[in-house]
Protein chains: 2
Amino acid sequence: MAEESQKWVLMVTAQTPTNIAVIKYWGKRDENLILAINDSISVTLDPAHLCTTTTVAVSPAFNQDRMWLNGKEISLSGGRYQNCLREIRARANDVEDEKRGIKITKNDWENLHVHIASYNNFPTAAGLASSAAGFACLVYSLAKLMNVQEDNGKLSAIARQGSGSACRSLYGGFVKWVMGKEENGSDSVAIQLVDEKHWDELVIIIAVVSSRQKETSSTSGMLETVETSALIEHRAKEVVPKRIIQMEEAIQKRDFATFTHLTCADSNQFHAVCLDTSPPIFYMNDTSHRIISCVEKWNRSEGTPQVAYTFDAGPNAVLIARNRTSAALLLQRLLFHFPPNSETDLNSYVIGDKSILKDAGIPEIKDVEALPPPPEIKDKVPVQKCKGEISYFICTRPGRGPVLISDESQALLNPDTGLPK
Amino acid sequence: MAEESQKWVLMVTAQTPTNIAVIKYWGKRDENLILAINDSISVTLDPAHLCTTTTVAVSPAFNQDRMWLNGKEISLSGGRYQNCLREIRARANDVEDEKRGIKITKNDWENLHVHIASYNNFPTAAGLASSAAGFACLVYSLAKLMNVQEDNGKLSAIARQGSGSACRSLYGGFVKWVMGKEENGSDSVAIQLVDEKHWDELVIIIAVVSSRQKETSSTSGMLETVETSALIEHRAKEVVPKRIIQMEEAIQKRDFATFTHLTCADSNQFHAVCLDTSPPIFYMNDTSHRIISCVEKWNRSEGTPQVAYTFDAGPNAVLIARNRTSAALLLQRLLFHFPPNSETDLNSYVIGDKSILKDAGIPEIKDVEALPPPPEIKDKVPVQKCKGEISYFICTRPGRGPVLISDESQALLNPDTGLPK
C-alpha cells in the first residue's frame with residue numbers, strides 16, 4: 001500500500017440501467033443467496049431516463065465502509081450489502097495508478113474501506129425497481145474499482161445477492177436470468193439474449209400511478225406466496241419454463257404479437273399468484289385495471305396487438321408499444337383517459353423522451369383537452385375520465401447495460417475527501 | 001283434461017333461497033348441460049332477507065308459455081329456460097283437484113302452457129346470485145304444479161341446467177354440488193351436507209359495493225378462464241378436491257378457523273384464476289380489497305379468526321361472522337371505514353336483520369360518526385374513511401331450502417286470469 005501518502009482517494013463512477021421483467025421472477029428457493037424458483041426475462045430500460053449512478057471510492061483514510069443514497073447516508077449492515085461487498089472483495093486484484101503513486105495489492109483490499117454514493121435519476125419510491133439498478137451499479141462500480149476480472153455474467157451472480165432482479169441490469173437489451181441448479185448459486189446468472197439494437201423499434205411508456213396504499217415489499221410478498229399459494233409451484237414448474245422458450249423465440253424473431261401475449265399473460269399470472277397468497281397481496285389497483293382495459297380494448301379493435309402491458313410489485317403500468325406510431329396513439333389514449341390535474345403542466349406530466357408528445361400531436365395542455373374519444377370506445381358506453389389517478393408518464397425505450405463514467409465532474413464523491421459532493 | 005270448463009287456472013307458489021359458495025364453482029366441462037369442472041360447497045342464505053318467490057300457473061286458456069320477472073315480461077326462448085321446462089314436463093304426472101273438477105293427466109302436460117311470475121326481494125342487479133334462487137324456484141314450483149315425484153336432489157339436476165349454482169338452492173344449510181361423472185349430467189346434483197340448524201351461530205353480512213364498472217358475465221367469464229388460464233386445470237383437479245374434503249370436515253365440526261381459512265383462500269383463488277384469464281377478468285375493486293384488508297387485519301389481531309370473506313363474480317363482499325358478538329364487532333368496523341353518505345339514513349344503509357345494529361351499539365346515525373377506530377389500527381397509519389363506497393349492508397344468516405307458500409294472497413299471479421297481479 002502507498003504508505004508514504006495516506007491522503008489519496010481512488011474513485012470510479014458507473015451508470016447502470018433499471019429493467020422490467022416480461023416473464024416475472026416471483027419466489028426464491030434460497031432466501032440468503034437469492035436463488036429464484038424459475039427463469040425470468042427482462043428488457044433493460046434506457047439509462048437516459050431511468051438509471052442509477054454510483055461513485056465508489058477507496059482511501060486509506062477511510063475507517064469504515066459508508067454509503068449515501070440520494071444524498072442521505074444509509075446503513076450497510078444489512079446482509080444483502082454485506083454479501084455483495086464480501087463477494088467483490090474476495091475477487092479484488094492489484095490496482096496501480098503510477099501517476100499518483102498509488103499501489104494497492106490484492107491483499108490490501110480486505111483492510112481498506114470504501115465509500116459509496118448512489119443516485120437514482122427517478123423517484124426511488126415510485127416502485128420502479130430502483131433496487132435492481134442500485135445493486136447492479138454497486139457491484140459493477142466496485143468491481144471496476146477493485147480490478148475484478150470477472151465478466152458481467154459472473155458479476156450478475158454477485159448483484160443477484162443484493163436484489164434478485166439486479167442481476168438482469170448487468171446487460172442491455174433483453175436479458176434472461178437463468179435460475180441455475182447449483183446449491184451455491186454459481187450458475188444462477190444473467191445472460192444477454194439480444195442487445196438493445198436488435199429490437200430498437202420498441203417504445204416504452206411508464207404510467208406512474210398515484211397510490212395511497214402501502215404496498216407489501218416484494219421480499220416478504222414472494223416469501224408468503226411460496227409458503228401459502230397453491231398455484232405458485234405449478235406456475236414455476238409447469239407454466240414458466242414453456243413461456244421462457246416461447247418468449248426467447250418471440251424476441252429473436254421480433255414477433256410482437258407473441259411477445260405481447262406472453263408479456264401480458266405473465267404479468268397477470270404473477271398478480272394472480274399474489275392474490276392466491278394468504279393473506280392475499282394486491283399490487284394493482286382500480287387505475288391499473290383501467291389501464292389494462294384500455295389497452296386490451298384497443299389491441300382487440302386493431303386486430304393485431306399494438307401495446308403490451310406489465311406490472312411489477314406496485315400499481316404502475318409499463319407499456320411496451322410496437323413502434324413510435326403505436327406509442328403516439330397510446331399516449332393519446334392515456335392522456336384522454338387520464339388527463340393531468342389542472343395544477344399540473346404537461347411538461348412535468350410527460351417526462352423522458354418528450355418527442356412522442358409531438359408525434360401524438362399534443363404539444364400543449366389544450367391539445368389534451370381537445371382529444372376525441374378513441375374510436376374503439378363505443379358510443380353507448382359513457383366515457384370515463386380519471387383526472388389525478390396518474391402522477392406522470394415516462395417515455396423511454398430499451399437501453400444499454402452498465403457503463404463507466406470517465407468524466408470526473410459527474411462523480412458523486414469529492415475526489416479529495418471521498419465524501420458526498 | 002277438464003274439457004267442460006276451459007277457464008280454470010291451477011297455481012302453485014314457492015319461495016327459494018339464494019346461496020353463496022364457500023368453495024367456488026368456476027368452469028364447465030359441458031356448456032349446454034352445465035356440468036362443472038369441480039365440486040363446490042355453498043351456504044344457503046336466509047330467505048327472509050334474500051329469496052325468490054315464484055308463482056307458476058297452468059290453464060287450458062293459456063296459448064303459450066310466458067314469464068314475468070319482477071313484474072316485467074321476459075322471453076322464455078333461451079336454451080336454459082327451455083331445458084328446464086322440457087325436463088320438468090317430461091317428469092309430470094296426473095294432477096287432480098276434485099273440488100274444482102280439474103283433472104290433468106300425465107300426457108296433457110305436453111300440450112298445456114304455463115305462466116310464471118317471479119320476484120326477488122333484493123335488487124336483481126346487485127350481483128347477489130339472483131339467477132341461482134330464480135332457476136331453483138322456477139324448477140321447484142313447476143315440479144310441485146306438475147306433481148313431479150323426484151326428490152330435491154333430482155330436481156337440483158334440472159335447476160342446474162338453468163344456472164349452475166341454482167342446484168345448490170334446492171336445500172338449506174350447507175350444500176355440496178357434486179360435479180358427477182356421467183356425460184348426461186344425471187349424477188351432477190346437489191346434496192345437503194348439514195341443515196341450517198347445524199351451525200346456527202353464524203351471522204352473515206353482505207356489503208353491496210357501489211360500482212361504476214360493467215362486469216363480465218359469469219357465463220362468458222368462466223368459459224374464457226377454461227379456455228385461456230394456465231392455472232384453472234391445476235385448481236380444478238389438484239387444489240379443489242382436497243379443499244372439498246377439508247371443508248366438509250370443518251362444517252361437520254363447526255371448526256370456524258379452518259372454515260375461514262378455506263373460504264378466504266378459495267375466494268381469492270377464484271379471483272386469481274379470473275386474473276390469469278386472457279384478457280384478465282377483474283371482479284373485485286379497490287373497495288373489495290379494502291374490506292379484505294380490514295378483515296385480515298382484525299382476524300390477525302384477534303389470534304383466532306372472527307370473520308370469513310368471500311366474493312362472487314362482482315365486487316360485493318359476503319362476510320361470515322363466527323357468532324353475533326363477532327358480527328356486531330364487524331359491523332362497527334365496517335361502518336367506521338365505510339360510513340353512509342350524508343343523504344343516506346341508517347335504516348336503509350343496514351337492512352335485513354337490523355338487530356345486529358343494536359348489538360353493535362349503533363341505533364342511530366350519530367353513533368356511526370362517534371365510532372372510535374378499531375384497536376387493531378395502529379396509530380401511525382392515517383385512518384382511511386371511504387364514504388359512499390358501499391351502497392348498503394344486508395345482515396342475514398344461514399337459512400332453509402325451498403318451501404311452498406299456501407297463502408294464496410302471496411301468489412304473484414291472479415287466480416282467475418293467470419296474469420300478474
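## Elements and model

Helices (H or I, at least four residues) and strands (E, at least two) are DSSP runs, numbered from the N terminus. By that numbering, Pro279(B) lies in the loop between α6 (256–275) and α7 (286–302) of chain B.

This is a predicted model: local features need pLDDT of at least 70 and side-chain atom pairs count only at pLDDT 80 or more, while totals for chains, interfaces and linings use all residues. Residues are numbered from 1 along each chain as its sequence is written, chains are lettered from A and ligands numbered from 1 in the order in which they are written, and side-chain values use heavy atoms, with hydrogens and water left out.

Strand β16 of chain A covers residues 317–321. Five of its five residues are buried. Buried means under 20% relative accessible area, exposed over 50%, and partly exposed in between (1.4 Å probe, protein chains only). In a regular strand the side chains alternate between the two faces of the sheet. In β16(A), Ala317(A), Leu319(A) and Ala321(A) point one way. Val318(A) and Ile320(A) point the other way.

β16(A) pairs with β14(A) and β15(A). Two strands pair if DSSP finds at least two bridges between them. Five bridges join β14(A) (residues 203–209) to β16(A), and the two run antiparallel. Here Ile204(A) has Ile320(A) as its bridge partner. β15(A) (residues 307–311) is also joined to β16(A) by five bridges, again antiparallel. Thr310(A) stands opposite Val318(A). A hairpin of five residues connects β15(A) to β16(A).

## Helix α8

Helix α8 of chain A takes in residues 324–337. The expected span of a helix is 1.5 Å times one less than its number of residues. For the 14 residues of α8(A) that gives 20 Å, and the end C-alpha atoms are 20 Å apart, which agrees.

α8(A) is mostly covered, with ten of its 14 residues buried. Among them are Leu330(A), Leu331(A), Arg333(A), Leu334(A) and Phe336(A). Asn323(A) caps the N-terminal end of the helix. A side-chain oxygen of Asn323(A) lies 3.1 Å from the backbone nitrogen of Thr325(A).

## Backbone exceptions

Where are the cis peptide bonds of Ser278 and Pro279 in the two chains? In chain A, one joins Ser278(A) and Pro279(A), with omega about -5°. Pro279(A) lies in the loop between α6 and α7 of chain A. In chain B, a cis bond joins Ser278(B) and Pro279(B), with omega about -5°.

Asn147(A) is not a glycine, yet has a positive phi of about 55°. Asn147(A) sits in the loop between α2 (130–145) and α3 (152–159) of chain A. At 28% relative accessibility, Asn147(A) is partly exposed. Arg254(A) also has a positive phi, near 50°. Arg254(A) lies in the loop between α5 (232–253) and α6 of chain A. Its relative accessibility is 43%, so Arg254(A) counts as partly exposed.

## The A–B interface

The contact takes 30 residues from chain A and 30 residues from chain B. Contact means heavy atoms within 4.5 Å. The chains bury about 2,500 Å² between them, 58% of it on carbon and sulfur atoms. Buried area is the accessible area (1.4 Å probe) that two parts lose on being put together, summed over both.

A salt bridge is a side-chain nitrogen of Lys or Arg within 4 Å of a carboxyl oxygen of Asp or Glu. Five residue pairs are in polar contact across the interface (both at pLDDT 80 or more). A polar contact is a pair of N or O atoms within 3.5 Å; within protein, one must be able to donate a hydrogen and the other to accept it, and residues adjacent in sequence count only if both atoms are side-chain atoms. On the side of chain A that touches chain B, α5, α6 and α7 of chain A each supply at least two residues. The largest share, seven residues, comes from α6(A).

## Salt bridges

Over all chains, a search of the whole structure finds 38 salt bridges. In chain B, Asp266(B) and Arg243(B) meet in one at 2.9 Å, N to O. Asp266(B) lies in helix α6 of chain B and Arg243(B) in helix α5 of chain B, so the pair ties together parts that are 23 residues apart in sequence. Both residues, Asp266(B) and Arg243(B), are buried.

Lys28(B) forms a salt bridge with Glu31(B), the closest N and O atoms being 3.8 Å apart. Lys28(B) is buried at 7% relative accessible area, whereas Glu31(B) is partly exposed at 35%. In chain A, salt bridges link Asp46(A), Arg324(A), Asp353(A), Asp359(A) and Arg397(A) in a network.
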